[in-house]
Amino acid sequence: MATQNDTMSQSLSKLSEMLESLNNRISALEKVNPNKDKDLETMVHRLTDPHSHHESPEFDLDSATQLPESFSASDLAKFKPTDDPRFHLKGFRATMSIKDIDPILYPKIFPLSLDPLCQKWFFSLDEKDIATWEDIAHSFMTRYKGNAQTSTSLRELEILRQREKEGFTTYLARWKETTAQLIITPPENEMVKTFISSLLPKYRNHLQYLGLESFDKVYHIGVEIENDILKESNKNDKDGDSNSYVNAIETNQQRPKRKRRQYTPLGMSQEQAFDYLTTKGVLEPIGPTPNPMPHRRTKWWNPNKYCRYHQGNGHSTEKCFKLKDRIQDLIDNGSFHISSRNKKPKIQTNPLSVLLIDDEECSFNPTSYITPRTRRPRREYTPLGMTYTQAFDRLKSKGALSPIGPTADPPTKRKSPRWDPNKYCKYHQGKGHDTKECWTLKKKLQDMLHDGGFHKILTVNKED
C-alpha cells in the first residue's frame, strides 16, 4: 500500500512540474505571440504525446564553465557495450582532469565518450537519473556492471592448451596475451606450473621435473627443446621416414654381414639372356617403373639409361642387379640348366650353348641350330680433306645429295647410351648425333666415291 502511495505521489509531482512549465510558456507566449491560441494548442499536444520530444529550458553557463578551445571529443576514449564500466569512468575522469574541465560539465560531455549503441541507452534515461555526475555514474555502473565480471580468470588459464602443431614460442606469446587480461595475477611460480601443465608432452615431460619458478628460465629451456625438435624434423625430411630410418640402422647393426652371392657364368650378356628367357616365357618384365622422386635418386641413377626388365630409366639392362639375381634364382631352382661341357663359352661363336631352358633337362645340343658367322673385314674410308658436315653441305648445294629425314626421336627404351638430344644431324634431319659423326652419311659418301662422278666435288684443291 505504501509503495502505491509513493508511486502516485511521484506521478502527481511530475504532473505538477509539467503544468508549471506549461503555465510559464503560456505566459511568455501571451506577451510576444499574437497567435497564442494556436501555439498553445501545439504545445499541449507535444507535452501529452508519448512519441514526441520535449526540451526543457537549459541552464546558462557562465564564462568560468565554458569548454577550453583545445578540447576535442576525439580526446575521449569510446566505451563499447562489452567494456568494463569501472575502467571507463576512471579513464573519463582522468581525461577531464588533464584537460582541466570543470566537473559541472561532466554530465554534458560524458555522452560523447559512449559508443553509438550506448548513447541510445543514455538518452533514453529520465532526466532525474542523469541530473548530476553522481547520478550518471550510478546509472552507468548499474547498466553495465555485468561487464566487470568478464575479465580473464585463473580458470581460463587452466583450460588453455597448446595446439598439436603450435610451436613453443608461438604458444607462449598466446599465453601472455591471455594473462594480460587478468585483473589480479597469481604468484609467478603458480603461473609457471599452470603454463607447463598446458604444454604438449614433448615439452612438458622435460620441464615439469626441473622445479622452475620463473618464466625467464622456462623460456630459455623451452626454446632449446624447440630447436632440437626442429633439427630432428629437418633430418627426418632429408632421410625419409624417421621410423624407417631408425629401424634400418638397428637392423643393420644387429644383422651379420651377408656373404656376397656367387653368380654362375651365363656364356652371354645379361641382355641376351633376358631376351632369350622372355622369348621362352620363363621370365617377364616387372615394370613399367616410374622415375623416383629427385631426393630419392642415387648418384648412379642415369636418366639416359633404360632397363628392359624394370621398363624404366636409371640403369641399363646389362647392369640390373635384380635381373641378375632373378636369373640366378632360375638357375638355382632348376628352371633351366647350365651345360658343363663349356666351362668357358665363347659368346661370339656359340652364344646359346650354355643355356638350356625347359622344365626338364634337354637331351639335345642347341648349338646345332647355330651357324657361326664369319667376321667381315673393316671398311676403309677415303680421306675427304674436309669434315663430313662440309661435304654434305657442298653435295647438297650441287644437288648431288639430299637428306633422308626428317627422323623422329626413337622411343626411350630404344635410345642408345650415346644418343644425345642436344646434337642434330643434317643428313637425318633429327636429334641424337652430329652430322660430322653420322656413320650412315660416312658410308653414303664412300659409296658415292666408289661409284665415281663426285670426286671433284668432294676433293679440296691445294689452293684451298
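In which hand does helix H5 pass helix H6? In this predicted model, the crossing of H5 past H6 is right-handed. The axes of H5, which spans residues 116-123, and H6, which spans residues 133-144, come within 12 Å and cross at roughly 120 degrees, and that angle makes H5 oblique to H6. On the H5 side the contact is formed by Cys 118, Trp 121 and Phe 122, and on the H6 side by Ile 136, Ser 139, Phe 140, Arg 143 and Tyr 144. Classified by residue type, the contact of H5 with H6 consists of six nonpolar residues, one polar residue and one charged residue.

The crossing of H13 and H14 is left-handed. Gln 270, Ala 273, Phe 274 and Leu 277 of H13 make this contact together with Leu 323, Lys 324, Ile 327 and Leu 330 of H14, and the residues of the contact of H13 with H14 comprise six nonpolar, one polar and one charged.

In helix H15, which covers residues 388-397, Tyr 388, Ala 391, Phe 392 and Leu 395 are buried. Viewed down the axis of H15, these buried residues fall within an arc of 100 degrees, and therefore line one face of the helix. In general, an α-helix has 3.6 residues a turn, so residues three or four places apart point the same way. H15 is followed by Gly 399, for which phi is positive, near 80 degrees.

Terms used: Residues numbered from 1 in each chain as written. Predicted model: local features only at pLDDT ≥ 70, side-chain atom pairs only at ≥ 80, totals over all residues. Heavy atoms only, no water. Axes fitted to C-alpha atoms, helices over the stretch in contact; angles between N-to-C directions. Helix = DSSP H or I, 4+ residues; strand = E, 2+ residues; numbered from the N terminus. Parallel < 35°, antiparallel > 145°, perpendicular 65-115°, else oblique. Left-handed = near helix turned anticlockwise from the far one by under 90°. Contact = heavy atoms within 4.5 Å. Nonpolar A, V, L, I, M, F, W, Y, C, P; charged D, E, K, R; others polar. Buried < 20%, exposed > 50% of the residue type's maximum accessible area, 1.4 Å probe, protein only. Arc of directions from axis to C-beta.
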